Amino acid sequence: MQQAMKRVKDVLIKHLALTLGWTALAATAFGQTLEKEFADPPVDSRPRAFWCWLNGSMSEEQITRDLREMKDKGMSGAEIWDVSAHRNPGGFVPAGPPFLGDESLGLIAHAIREGTRLDLRLGMVASSGWNAGGSWVPPHFAGKGLFWSKENVKGPARVDLKLAFPECPHAPKGEDGLPLFHKEIAVIAVPVGGALENINQSFDLTDKMAPDGRLRWDAPPGEWAVLRFVCSNHGQQLIVPSPNSGGPMIDFFDPAATEFHVRHIADGILGKLGRKAREAEEDGRHHQAKLERAGVANGSPVSASAAPS
């Protein structure tokens with residue numbers, strides 16, 4: 001029994017020594033790798049920064065110089081941001097071309113080509129200034145709000161009344177004075193004064209209003225506030241865009257508006273690079289599959305290294 005226990009003990013000691021040895025080797029290798037990568041980090045571990053194209057004023061020479069400096073100073077890349085020079089004494093920074101106009105797209109394409117050549121990662125803020133949007137956003141994809149008008153009526157009575165169209169002060173208007181985009185939401189009657197304690201105290205009159213806004217309703221006894229609700233543009237514009245840019249923000253609650261906006265940007269840039277959106281999407285899928293095979297969960301969303309030379 002003692003001999004058997006001694007053999008088991010010897011085996012355990014050998015296994016423990018082997019395990020500790022492998023652990024020490026692995027720790028040494030990890031330490032060497034960490035030390036090496038700390039001294040010379042891989043591209044994806046290097047810092048990036050916002051690259052402000054103040055007032056949209058930029059040139060190919062400036063772009064090449066800036067990117068060379070980024071590479072020389074150990075950065076991994078930058079995020080292009082076309083934005084207003086908010087404090088610009090004496091007009092020191094001139095106004096550049098409209099964001100995503102032909103000249104602007106040419107400069108962005110040049111930055112992507114140079115970034116690719118220097119193995120830098122480039123991204124871009126999806127508008128001039130803040131937030132997403134631009135002059136190309138039509139009213140039906142621009143930001144929206146809920147607006148209403150109110151008419152008081154007394155019952156019992158047969159109501160035959162043209163309801164006022166709600167004021168939408170900042171929505172773009174057509175020749176008829178109405179917002180270019182508007183959608184009727186509901187017409188509701190609620191008691192005037194006092195709290196609405198029960199939903200049954202209100203009346204949905206939506207189907208009693210004609211397309212021209214005329215309401216016909218047999219109002220019950222009491223005084224009623226008739227509310228006409230309309231969805232239209234609230235008119236929120238981009239904040240701090242470059243002087244020749246600007247435009248409405250997109251409707252952030254509408255996926256179609258986001259897709260329209262992103263495709264407008266991608267189509268313009270890819271066109272300058274001599275590529276089509278479908279080709280780029282296919283390349284993106286191949287690139288992501290390559291990253292996944294290499295054990296990378298998520299690649300950089302906009303990578304200059306994936307762009308054509």
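Arg228 is buried, at a relative accessible area of 5%; buried denotes under 20%, exposed over 50% and partly exposed the range in between, with a 1.4 Å probe and protein chains only. The model is predicted, so local features need pLDDT of at least 70, side-chain atom pairs count only at pLDDT 80 or more, and totals for chains, interfaces and linings use all residues. Numbering starts from 1 along each chain as its sequence is written, and side-chain values use heavy atoms, without hydrogens and water.

Arg228 belongs to strand β7 (residues 214-233). Strands (E, at least two residues) and helices (H or I, at least four) are DSSP runs, numbered from the N terminus. The side chain of Arg228 makes a polar contact with the side chain of Glu184, at 2.5 Å. A polar atom of the Arg228 side chain also lies 3.0 Å from the backbone oxygen of Leu163. A polar contact is a pair of N or O atoms within 3.5 Å; within protein, one must be able to donate a hydrogen and the other to accept it, and residues adjacent in sequence count only if both atoms are side-chain atoms. Beyond four places in sequence, Arg228 touches residues including Phe147, Trp148, Phe165, Ala186 and Met209. Contact means heavy atoms within 4.5 Å.

Strand β7 is part of an open four-stranded sheet, ordered β4-β7-β5-β6, with antiparallel pairing. The edges are β4 (144-162) and β6 (203-204), each with a single partner strand, so one side of each has no neighbour in the sheet. Pairing requires at least two DSSP bridges between strands. Two bridges join β5 (residues 182-191) to β6. Ile188 stands opposite Asp204 in β6.

The largest nonpolar core has 29 residues, of which Trp51, Trp53, Ile63 and Leu67 touch the most other members. Such a core is a set of buried Ala, Val, Leu, Ile, Met, Phe, Trp, Tyr and Cys residues joined through side-chain atoms within 4.5 Å. Two or more residues each come from β1, α2, β2, α3 and α4. Helix α3 gives the largest share, six residues. A separate core of 12 residues includes Val153, Leu205, Leu215 and Ala219.

Helix α3 (residues 102-117) has 16 residues. The expected span is 1.5 Å times one less than the number of residues. Buried positions in α3 include Leu105, Leu107, Ile108 and His110. The buried residues of α3 pack against β1 (48-54), α2 (60-72), β2 (77-83), β3 (121-124) and α4 (255-272). Just after α3, Asp119 takes a positive phi of about 55 degrees.
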